[in-house]
Amino acid sequence: MRTRTRLDLRGLVLPATILLAWWVVSANGLGNNYIFVSFSRIGAAIAQFVNDGTLLAGTTATLLRLLIGFALGAASGLAIGLLIGLSSAAGRVISPTFHALRQIAVFAWMPLLTAWLGIGGQTMIALIAIGAFYPTVVNVEAGCRGVPLPYLEVGRVMELSRWQTIRRIILPAAAPSILAGLELAVATAWLSTIGAEYFISAGDGLGIILAASRMRGSMDGVIVGILAIGLVGFALNRLLAFASRRAFKWRAPST
Amino acid sequence: MSLAALSHPEQAVAIEVRGVSRTFTTAGADVPALRDVSLTVAEGEFVSLIGPSGCGKSTLLRMLAGLDQPDRGTVSVEGDKVAAPSLSRGILFQDHRLLPWLTVEQNVDLGLHKSGLTTQQRQQRVSDLIALVGLAGFERAFPYQLSGGMSQRAAIARSLAPQPRVLLLDEPLGALDSLTRSKLQTELLRIWKHERITMLMVTHDVEEAVFLSDRVVVMEPRPGRIADIVDIPLPKPRHRGDPAFVDIKLRLLTSLEVETDPPANIVEH
Ligand SMILES: Nc1ncnc2c1ncn2[C@@H]1O[C@H](COP(=O)(O)OP(=O)(O)OP(=O)(O)O)[C@@H](O)[C@H]1O
Ligand SMILES: [Mg+2]
């Protein structure tokens with residue numbers, strides 16, 4: 001308990017310093033006050049966004065978009081990752097193409113996707129799904145291929161069938177790697193979500209608040225957008241870390 | 001029952017190793033793990049393998065288990081050439097190899113899927129074996145929660161579960177304190193007698209070998225080969241203080257010392 005509290009406090013040192021510096025600069029007019037918006041104006045912007053429902057609608061839409069895109073990307077990533085991780089024949093056919101495609105940055109797909117799906121929600125979802133897809137495939141495949149030989153030998157001496165070996169040895173052994181892949185996929189999907197919203201700007205969303213505020217030249221709105229994105233991202237990250245710490249009863253609790 | 005009769009040459013052959021050689025290539029160099037090894041073990045016999053580290057003991061056991069194949073020679077068990085692993089040939093690995101994501105009871109149950117037992121009978125068998133190795137109360141524990149010795153005992157239970165006809169044991173009691181060790185030696189002897197399993201056990205403990213075995217095979221390294229085979233015609237259970245027991249033990253120690261001291265200035269141990 002004690003070390004936790006201390007750690008938490010230390011983690012707050014940096015944000016507090018930045019806030020203080022921001023306050024010093026903005027309150028004393030030391031910097032460009034178009035960029036270094038004062039705390040009171042940020043506060044007013046937050047109040048406005050909260051009151052007119054923009055923030056809630058944006059957060060909800062963004063999270064929903066993330067969820068759908070992630071679900072699509074992670075599910076297909078799991079399927080492909082398992083296929084090439086469990087079958088070396090499938091691996092030989094699919095892996096080269098996959099690893100070539102992986103070199104293409106997520107947003108390089110935008111021109112093609114907008115041509116196919118239009119400038120709207122579907123393209124955003126597709127970008128998020130692509131963001132979630134790659135890390136899932138890579139980690140699922142690595143997990144399935146990296147099962148220590150000694151465990152596979154246990155399966156052989158116990159005369160486990162191929163299916164039993166997958167279910168009782170390969171998948172459990174790969175599970176931590178699969179989970180790490182999904183965790184990474186949430187992170188990349190989150191980045192893709194904000195990027196997609198910012199560039200495509202259709203409907204509600206935190207990235208769309210950001211883009212719209214920039215268009216209006218309202219720096220206080222931009223800052224509120226950034227803060228909201230940072231906070232939601234941080235919450236997601238903590239939530240996943242918390243969940244994955246508890247995911248495996250069979251692992252010794254790490255420090 | 002005359003136990004000496006078990007090692008009688010007319011007894012059916014359980015394990016037959018004939019002219020087996022196996023060479024590994026490590027970093028470009030050839031390591032002759034076994035060269036021209038021949039050994040016959042009768043059904044129901046208890047044979048120990050002793051010899052310095054690296055003389056191919058585990059390699060031989062792995063071939064008998066069907067996890068590795070000889071470069072030359074043949075390995076057969078109960079008349080059939082060993083081609084693949086089988087539940088009728090249990091192996092207890094040197095590293096216990098419990099599956100970390102299964103509890104002790106799930107690990108022990110792993111080899112019972114072809115046993116034809118009902119779920120209830122399976123549970124009964126698992127809990128009997130867990131009690132046998134002194135792990136009652138740890139059924140639901142995961143391997144990371146066990147000590148080294150407890151893990152080894154769980155692995156013993158797992159290897160006994162499918163009731164193998166031949167059990168290959170690679171230093172099964174290596175990580176145990178002397179008290180648990182002698183308790184499990186007695187237990188092993190009881191299982192061997194009761195289930196009439198053929199046992200081939202690797203050990204570094206000469207006293208353990210003499211206490212349990214009908215014969216002790218002394219091996220020497222580079223290349224791994226059989227240096228000596230010592231019969232132990234004493235009735236079981238044996239008494240460690242018995243002059244005949246001590247005699248054989250000394251003879252084995254001498255044999256190991258002489259045989260394993262390499263002529264060159266290579267130091268083992
Ligand atoms: N898979 C492998 N690849 C390469 N070399 C191997 C392999 N398995 C065994 N060897 C080599 O074969 C030799 C015999 O190994 P083995 O494990 O059978 O020895 P051992 O008698 O069981 O030794 P210890 O008492 O230390 O367990 C060693 O020199 C080892 O390096
Ligand atoms: Mg060994």
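This is a predicted model: local features need pLDDT of at least 70, side-chain atom pairs count only at pLDDT 80 or more; totals for chains, interfaces and linings use all residues.

Over all chains, the count comes to 21 salt bridges. Side chains of opposite charge can pair when their charged atoms come close.

## The interface of chain B and chain A

Three salt bridges are found across the interface of chain B and chain A. On the side of chain B that touches chain A, the residues divide into 13 nonpolar, five polar and four charged. A salt bridge also joins the side chains of B:Lys114 and A:Glu159, at 2.8 Å from N to O. Polar contacts between chain B and chain A amount to ten residue pairs, both residues being at pLDDT 80 or more.

In terms of contact, 22 residues of chain B meet 19 residues of chain A. The size of an interface is often given as the accessible area lost when the parts come together. Here the area buried between chain B and chain A is about 2,100 Å², and carbon and sulfur atoms give 65% of this area. Which residues of chain B lose the most area to chain A? They are B:Trp101, B:Leu110 and B:Tyr144, which together account for 31% of what that side buries.

## Pocket and cavities

Rolling a probe the size of a water molecule over the atoms shows where empty space is left. The largest pocket has a volume of about 820 Å³. Its lining consists of 24 residues, and A:Pro15, A:Leu19, A:Leu227, A:Gly230 and A:Leu231 lie nearest the centre of the pocket. Two or more lining residues come from each of helix H1 (2–27), helix H2 (39–51) and helix H10 (219–245) of chain A. H10(A) gives the most to this lining, with ten residues. By class, the lining of the largest pocket has 18 nonpolar, three polar and three charged residues.

As for cavities, the count comes to three of 30 Å³ or more. The largest cavity has a volume of about 130 Å³. It is lined by 16 residues, of which A:Val157, A:Met158, B:Ile91, B:Arg158 and B:Ser159 are the closest to its centre. At least two lining residues are supplied by each of helix H7 (149–157) of chain A and strand E6 (89–92) and helix H4 (148–160) of chain B. E6(B) gives the most to the lining of the largest cavity, with four residues. By class, this lining has ten nonpolar, four polar and two charged residues.

## Backbone geometry

Most residues other than glycine have a negative phi, and most peptide bonds are trans. Two cis peptide bonds in chain B are listed below.

| Peptide bond | Geometry | Omega |
|---|---|---|
| B:Arg222 to B:Pro223 | cis | near -10° |
| B:Lys236 to B:Pro237 | cis | near 0° |

B:Pro223 lies in the loop between strand E9 (215–220) and strand E10 (225–231) of chain B. B:Pro237 is found in the loop between E10 and helix H7 (243–260) of chain B.

What is the phi of B:Asp36? B:Asp36 has a positive phi of about 50°, although this residue is not a glycine. B:Asp36 belongs to strand E2 (residues 29–42) of chain B.

Conventions: Residues are numbered from 1 along each chain as its sequence is written. Chains are lettered from A and ligands numbered from 1 in the order in which they are written. Side-chain values use heavy atoms; hydrogens and water are left out. Contact means heavy atoms within 4.5 Å. Buried area is the accessible area (1.4 Å probe) that two parts lose on being put together, summed over both. A salt bridge is a side-chain nitrogen of Lys or Arg within 4 Å of a carboxyl oxygen of Asp or Glu. A polar contact is a pair of N or O atoms within 3.5 Å; within protein, one must be able to donate a hydrogen and the other to accept it, and residues adjacent in sequence count only if both atoms are side-chain atoms. Ala, Val, Leu, Ile, Met, Phe, Trp, Tyr, Cys and Pro count as nonpolar, Asp, Glu, Lys and Arg as charged, and the others, Gly among them, as polar. On a 1 Å grid over the protein atoms alone, a cavity is a set of points where a 1.4 Å probe fits but cannot get out, and a pocket is an open set with protein on both sides within 12 Å along at least five of seven lines; lining residues have an atom within 4 Å of a point. Grid points are joined across faces, edges and corners, and a volume is the space filled by probe spheres set on the points.
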